[in-house]
Amino acid sequence: MSLPLVSIIIPTYNRAHLIGETLDSILAQTYTNWECIVVDDGSIDDTSVIVNNYCEQDQRFKYYKRPSNRKKGANACRNYGFELSKGEFINWFDDDDIMTIHFIDLKIKHILLSNADFLFSKSNDFDLKDNEKPMFNVDNNLHQINAVNFVTQKIVWCTLDFFSKRDFLEYVRFNEILKSGQEYNFFCKYLQQNLVGLFLNNVLAKRRVHNNSIQQKQSKSACDYALNKYLVYVITFFEIESKATNTELNYLLSMAMSRAYDLSVLKKNVPHKANLLYAVFKHKRILKFMSFCISLVCSYISGKGYVLLNYSKKIIK
């Protein structure tokens, strides 16, 4: 029986100094039937030179540039890479992270031996001194793998841990507006298909933590962090509203309300396109109404914190 093709999709931007180590870890895989699609977001360093060298050495590597008509950002690159891919299984990865040598091998074996539609493993964070620590302090063995538990963050995983059959990804895309939190948004949408998931309790990758990562940049600004989190929860709400349970929707609303309050306290000026009352009266659930009204009151009291609900909905469209 022929081994199924696995597509590894990597967005990149100005990673000439790091991406070689990532691609070396892919070359070292014990599972060999893979393709690695690297999509460049417009690098101005020597990233193209580095990646093209790998393409010349091994035809399993493929290098593309994000088309000019696609929105700039890693999410557009991930979506474009998926459209170019041919694998029966998909694993997104980042241009500064490292795979263990059995990263693909263990994933493909477990998913083929089970009835799972997707699986996820574990990763460690590592720093410049190669110190490692678990990425999440959550025990994924304690709760069932389903949409409700992921949306409410009782179970967690990140993009590089995720391994899926292609068929279930055809109608889901990364939101190209979000700068971070896109993986939470993506998997909330993905899980609305009521899929069977499997947790592989093995550390199979290392995620690099450094000052140039988006998470590190946002963590330095409380306003940027709160604003992006607000957008993640509100955009996710609208994108899964027709399929999600009340538990999921109310959780998203409560988290959005909390971030709106944070913005109010931080005196964050946000776009004045918001028309909260219009959005509120479009919904019938009383819990939604109460949550939005509380958000409105918090914003009004602060004088400068305007909730972005209607603005967010326009962004989605």
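A charge sits over a ring if NZ of Lys or CZ of Arg is within 6 Å of the ring centre and within 35 degrees of the ring normal. Keep that in mind for the opening stop. One caution before you click: this is a predicted model.

**Charges over rings**

Select arginine 78 and phenylalanine 174. Arginine 78 lies over the face of phenylalanine 174, and the distance to the ring centre is 5.5 Å.

**Rings with rings**

Next, colour the aromatics. Across the whole structure there are 23 aromatic pairs. Zoom in on phenylalanine 150 and phenylalanine 187: the ring centres are 6.0 Å apart and the planes meet at 85°, so this pair is edge-to-face. To see what the pair connects, show the helices. Phenylalanine 150 belongs to helix α5 (residues 147-151) and phenylalanine 187 to helix α6 (residues 182-190), so the contact ties together parts 37 residues apart in sequence.

Tyrosine 184 is in helix α6 and tyrosine 233 in helix α8 (residues 222-240), so the pair links distant parts of the chain, 49 residues apart. Are these tyrosines buried or exposed? Buried means under 20% relative accessible area. Tyrosine 184 comes in at 10%, so it counts as buried, and tyrosine 233, at 4%, is buried too.

**Along strand β9**

Switch to cartoon view and select strand β9 (residues 197-208). Which way does strand β5 (residues 98-99) run against β9? The two pair in the antiparallel sense, over two bridges. Click methionine 99 and look across: its bridge partner in β9 is alanine 205.

Then bring up strand β6 (residues 118-126), which pairs with β9 in the parallel sense over eight bridges.

**Last stop: cysteines**

Finally, select cysteine 77 and cysteine 188. Cysteine 77 is buried, with a relative accessible area of 0%. Cysteine 188 is buried as well, also with a value of 0%. How many disulfides does the model have? With sulfur atoms required to lie within 2.5 Å of each other, the count is zero.

Technical notes: Residues numbered from 1 in each chain as written. Predicted model: local features only at pLDDT ≥ 70, side-chain atom pairs only at ≥ 80, totals over all residues. Heavy atoms only, no water. Buried < 20%, exposed > 50% of the residue type's maximum accessible area, 1.4 Å probe, protein only. Phe/Tyr/Trp six-rings, centres within 6.5 Å; stacked < 30°, edge-to-face > 60°. Helix = DSSP H or I, 4+ residues; strand = E, 2+ residues; numbered from the N terminus. Pairing = 2+ DSSP bridges.
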